[in-house]
Amino acid sequence: MKKLLLTTLLSCTFIGNAIAAGDADSGKTKAAVCAACHGSNGIGIADNYPNLAGQQTDYIVKQLKSFKDGSRKDPVMAPMAMPLSDQDMLDVAAYFATFTITGESKGGSTTASEAAPATTPVAAAPVALGDAAAGKALYIKGDAANGVAACVGCHGEGGDSKVLINPNLSKQHPEYIAKQLNHFKDGSRVDPSMTVVGNNLSTQNILDLEAYFKSPDVDAKAVVVKKASVAKLNFVGDVEAGKAKSAVCASCHGVDGNALVPMYPSIAGQHEKYIAKQLADFKAGPEGRNDPVMAGMVAALSETDMQDLAAYFASQKIKPSAVAANAKGKSLYQGGDAERGVTACIACHGVDGNGAALAGFPKVASQSVDYLKSQLSKFRDGSRNNDMSSMMTNIAAKLTDEDVAALAEYMSSLK
Ligand code: HEC
Ligand code: HEC
Ligand code: HEC
Ligand code: HEC
């Protein structure tokens with residue numbers, strides 16, 4: 001009991017320590033990369049991506065610092081937090097604070113791309129294993145006999161925390177809540193308050209709490225998921241103008257962006273933003289992306305030309321490749337390798353290899369094996385280093401030749 005009291009005091013001393021405010025406008029630019037997983041409005045795109053909308057800003061900043069200094073371990077978030085300065089963290093937290101959980105901005109104007117997405121209430125999920133009533137009782141009263149403090153004291157009524165450093169739970173994905181409780185229980189996430197709680201929770205307790213957070217008691221209506229947004233086919237550049245300018249590219253990349261020779265990448269259907277970035281990087285030369293052939297191609301292109309070309313190729317369709325899936329590549333692509341510190345590729349390039357347009361993660365599906373191999377090797381030896389925050393160079397550095405070959409085959413086999 002003593003230990004419980006002490007930790008309660010510990011988390012309460014943080015109340016007066018509100019962190020200085022960040023700048024939501026600069027946070028918006030910095031948060032573009034976060035959108036792939038947390039949504040451009042802070043609503044996680046899947047159950048395992050926590051909602052950041054409506055979360056306490058102090059709590060968000062504290063978590064980003066923990067991911068950066070390694071005290072909270074997560075292979076996906078570590079490289080995300082690494083390049084952020086203290087000011088960046090304040091700014092992105094301020095940006096996400098401008099959204100409510102329904103996806104509507106609390107203030108200021110919203111651009112079309114940010115407008116509230118179609119949201120659907122989580123279907124009343126069949127509660128197979130947990131007992132919502134037992135979870136509610138545990139949440140409100142705790143379980144003194146087993147050393148579990150009442151959650152309500154720190155996380156507020158119905159999970160609506162009033163303490164700046166204690167996270168809101170009411171608007172969080174219940175699956176994510178259960179996952180975090182298991183992390184506190186098995187010690188993979190450590191926190192002076194929650195470790196004690198987690199250690200004393202049984203597996204059944206966690207199932208019951210998950211059921212409680214899924215129940216209408218916890219304002220379940222407020223928990224919304226963002227429907228995977230259908231890629232809108234409206235381009236920044238001019239598709240027709242791009243087509244006219246693309247004749248010179250056809251000898252290597254094909255008239256419609258499907259290359260005929262495997263050493264040249266197919267660029268049909270690639271994300272517009274990614275194509276435009278590559279063209280600008282080639283133009284920047286060794287400081288950008290170093291390739292003597294492409295350098296010559298882009299030397300005379302204006303920014304408008306690049307945007308138009310990007311729009312044209314993005315509007316084309318890539319032809320599925322005939323390569324068979326590689327089992328070793330699949331397991332590395334989907335699961336990564338925690339022991340060697342290889343982040344699962346799926347985190348950024350997606351389950352079907354479609355990447356994420358907003359975050360600048362390229363499509364890799366149906367790309368030629370030769371080209372994929374060459375790029376992984378270039379990231380590995382550093383001769384390609386135009387990736388933001390060294391996301392790819394850090395990962396490729398840990399890959400063997402065998403990994404590179406297996407991954408290239410697997411990515412190419414994706415449709
Ligand atoms: C590739 C997907 C991905 C991207 C991109 C990403 N995140 Fe995350 N983020 C995650 C996952 C997965 C977790 C949950 C980790 C865990 O299970 O402990 C997480 C957790 C967090 C948390 C902790 C939330 C909580 O409730 O504890 C914060 C804060 C966060 N991310 C902020 C950011 C910011 C800011 C960015 C952009 C700079 C970003 N993330 C980019 C996947 C991503
Ligand atoms: C003594 C105060 C305290 C008590 C009691 C407490 N918590 Fe927490 N909880 C915290 C703090 C502080 C954090 C943030 C930890 C961090 O900074 O990483 C947290 C984090 C969490 C998280 C992670 C949220 C996220 O967004 O990643 C979950 C889930 C959680 N608590 C659930 C519970 C449940 C369920 C109970 C009751 C069985 C409970 N907590 C009891 C203080 C408390
Ligand atoms: C003589 C052959 C050739 C021509 C013509 C050519 N390219 Fe390329 N392109 C290449 C090669 C080779 C690469 C791969 C460079 C590397 O290994 O980094 C490439 C790479 C690219 C990439 C990067 C693809 C990715 O997935 O990252 C883009 C985008 C691109 N080219 C667009 C164009 C456009 C637009 C034109 C016309 C203005 C053009 N290319 C003309 C040979 C060519
Ligand atoms: C944290 C996010 C992240 C993870 C994880 C990640 N990538 Fe990437 N990847 C990127 C980004 C960003 C780029 C584009 C960099 C740029 O702007 O040129 C990229 C580019 C690539 C390219 C070049 C594509 C092209 O058309 O030129 C390949 C191939 C690739 N990644 C493969 C992988 C593989 C294999 C893994 C897993 C071992 C992986 N990536 C993991 C973010 C990621």
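Colleague: Which helices each supply at least two residues of the shell around ligand 3?

Modeller: The model is a predicted one. Helix 13 (250-253), helix 14 (272-283) and helix 15 (292-298) each contribute at least two residues to that shell. In total, 19 residues surround ligand 3, and the closest are Cys 249, Cys 252, Gln 278, Asp 291 and Met 297.

Colleague: How do the residues of this shell divide into nonpolar, polar and charged?

Modeller: The shell around ligand 3 comprises 13 nonpolar, 5 polar and 1 charged.

Colleague: Let us turn to a helix. Which residues of helix 9 are buried?

Modeller: A residue counts as buried if 20 or more other C-beta atoms lie within 10 Å of its own. In helix 9, the buried residues are Pro 174, Ile 177, Gln 180, Leu 181, Phe 184 and Lys 185. They lie on the same side of helix 9, because the arc they cover around the axis is only 145°. Their packing partners are helix 10 (192-200) and helix 11 (203-214).

Colleague: Which members of the largest nonpolar core touch the most other members?

Modeller: Among its 52 residues, these are Ile 60, Val 92, Ala 93, Phe 96, Leu 376, Leu 407 and Met 411. Helix 6 gives the most to this core, namely 7 residues.

Key
Residues numbered from 1 in each chain as written. Chains lettered and ligands numbered in written order. Predicted model: local features only at pLDDT ≥ 70, side-chain atom pairs only at ≥ 80, totals over all residues. Buried ≥ 20, exposed ≤ 12 C-beta atoms within 10 Å, placed from the backbone. Helix = DSSP H or I, 4+ residues; strand = E, 2+ residues; numbered from the N terminus. Arc of directions from axis to C-beta. Contact = placed C-beta atoms within 7 Å. Near = placed C-beta within 6 Å. Nonpolar A, V, L, I, M, F, W, Y, C, P; charged D, E, K, R; others polar. Core = buried A, V, L, I, M, F, W, Y, C linked by C-beta atoms within 7 Å.
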